[in-house]
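Trainee: Could we go through this structure together, one question at a time, so that I can see how each answer is reached?

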Amino acid sequence: MALASFTARFKQIVTPDALRSYLAEFISTFFYVFVVVGSAMASRKLMSDSATDPSSLVLVAIANTFALSSSVYIASNVSGGHVNPAVTFGLAVGGHISVSTALFYWVSQMLASVMACLLLKVATVSQDVPIYTIASEMTGFGASMVEGVLTFGLVYAVYAGGDTRSGPLRSIGPLVIGLMAGSMVLAAGPFSGGSMNPALAFGSAVVAGRFKNQAVYWVGPLIGAAVAGLLYDNVMFPGHVSGRVNSDGTTRV
């Protein structure tokens, strides 16, 4: 019985539709990470002291907004346009995507992030890939709380932006998600970096070979994402069922 159940589940996660969704997550996450990390590298090249120049923060925030909006849009009809392991986790907790599919999404997202950062490292030659760090006056716990709050807002926007009850407004969902991410970067960039995305922080850390405080960008975002999903589904709209798991393990939330 257990073997039969495993075989059936395995067939669901390797269907053509499922494989296309994994590829869609890889492509969208790749370009998102490429733009966000690339914008940080560009600002560092153009500004002598980008770490303290406010315009550098604005540049990265704008890039984050445009990149996330576009990346969510191009993948939304295939995979749901998660582009973020925390978003995938939040949707899995809410029952909108199966655990097995979520794991494959994670692999696609993490691999895409590493590949994007590696390409930037190779192409720019003389520049180091920047990593996410916390301010010297902050603790890891404090930074995790900040990242958790930021990711809560992002995942809540993902739920709201993809809600079928939004009617025509649902078409601007990707833009709303991108605007939320950009505003969060402006608010917390100098403190925790404003990652909100474990894959984004992981890819740059792998290529740079530095993993200090990496847990901050996993623990906080995953908890924030889970709370956002549970709150939206069970408190704001209790009893409402939308976008549940499809036969291939994916959903259009």
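Mentor: Let us begin at the surface, keeping in mind that this is a predicted model. L23, I27, F31, Y73 and I74 form a nonpolar patch there, and together they have about 530 Å² of accessible area.

Trainee: Which helix gives the largest share of the nonpolar patch?

Mentor: Two helices, α2 (16–46) and α3 (54–76), each supply at least two residues of the patch. The largest share is 3 residues, and the helix that these come from is α2.

Trainee: What is the overall pattern of the protein, read along the sequence?

Mentor: The protein has 9 helices and 0 strands. Reading along the sequence therefore gives one helix symbol after another, and the pattern is α-α-α-α-α-α-α-α-α.

Trainee: How far apart are the end C-alpha atoms of residues 215–232?

Mentor: The UniProt annotation "transmembrane region", from an unreviewed entry, covers several spans, among them 87–107 and 215–232. Residues 87–107 are 76% helix and 0% strand, with end C-alpha atoms 14 Å apart. Residues 215–232 are 94% helix and 0% strand, and the distance between their end C-alpha atoms is 26 Å.

Trainee: How many residues does the largest nonpolar core have?

Mentor: Buried residues make up 50% of the 253 residues in the protein. In the largest nonpolar core, the residues with the most contacts inside it are Y32, V33, V37, L68, M196 and L200, and the core has 53 residues.

Trainee: Which helix supplies the largest share of this core?

Mentor: Several helices each supply at least two residues of this core, including α4 (85–93), α5 (99–124), α7 (173–192) and α8 (198–208). The largest share is 8 residues, and the helix that supplies it is α2.

Trainee: How many aromatic pairs are there, and how is the pair of F152 and Y156 classed?

Mentor: When ring centres have to lie within 6.5 Å to count as a pair, the number of aromatic pairs comes to 11. For F152 and Y156 the centres are 5.9 Å apart and the planes 25° apart, and the pair is classed as stacked.

Trainee: What kind of aromatic pair do Y156 and Y232 form?

Mentor: The ring centres of Y156 and Y232 are 5.2 Å apart, with 75° between the planes, which makes the pair edge-to-face. Y156 lies in helix α6 and Y232 in helix α9 (residues 216–236), so the pair ties together parts that are 76 residues apart in sequence. Y232 is buried, with a relative accessible area of 7%, and the kind of pair asked for is edge-to-face.

Trainee: What is the phi of M196, and is M196 buried or exposed?

Mentor: Most residues other than glycine have a negative phi. M196, found in the loop between α7 and α8, is not a glycine, yet its phi is positive, at about 60°. With 1% relative accessibility, M196 counts as buried.

Trainee: Where is V83, which also has a positive phi of about 60°?

Mentor: V83 is not a glycine either, and V83 is buried, with a relative accessible area of 0%. Its place is in the loop between α3 and α4.

Trainee: What distance separates the C-alpha atoms of A86 and N197?

Mentor: A86 lies in helix α4 and counts as buried, at 0% relative accessibility. A86 and N197 are 111 residues apart along the chain, while the distance between their C-alpha atoms is 6.3 Å.

Notes: Residues numbered from 1 in each chain as written. Predicted model: local features only at pLDDT ≥ 70, side-chain atom pairs only at ≥ 80, totals over all residues. Heavy atoms only, no water. Patch = residues over 30% accessible without salt bridge, like charges linked within 9 Å, V, L, I, M, F, W, Y side chains within 5 Å. Areas by Shrake-Rupley, 256 points an atom, 1.4 Å probe, with all protein chains shown as cover. Salt bridge = Lys/Arg side-chain N within 4 Å of Asp/Glu carboxyl O. Helix = DSSP H or I, 4+ residues; strand = E, 2+ residues; numbered from the N terminus. Phe/Tyr/Trp six-rings, centres within 6.5 Å; stacked < 30°, edge-to-face > 60°. Buried < 20%, exposed > 50% of the residue type's maximum accessible area, 1.4 Å probe, protein only. UniProt positions renumbered as here; feature names shortened; annotations may be inferred. Core = buried A, V, L, I, M, F, W, Y, C linked by side-chain atoms within 4.5 Å.
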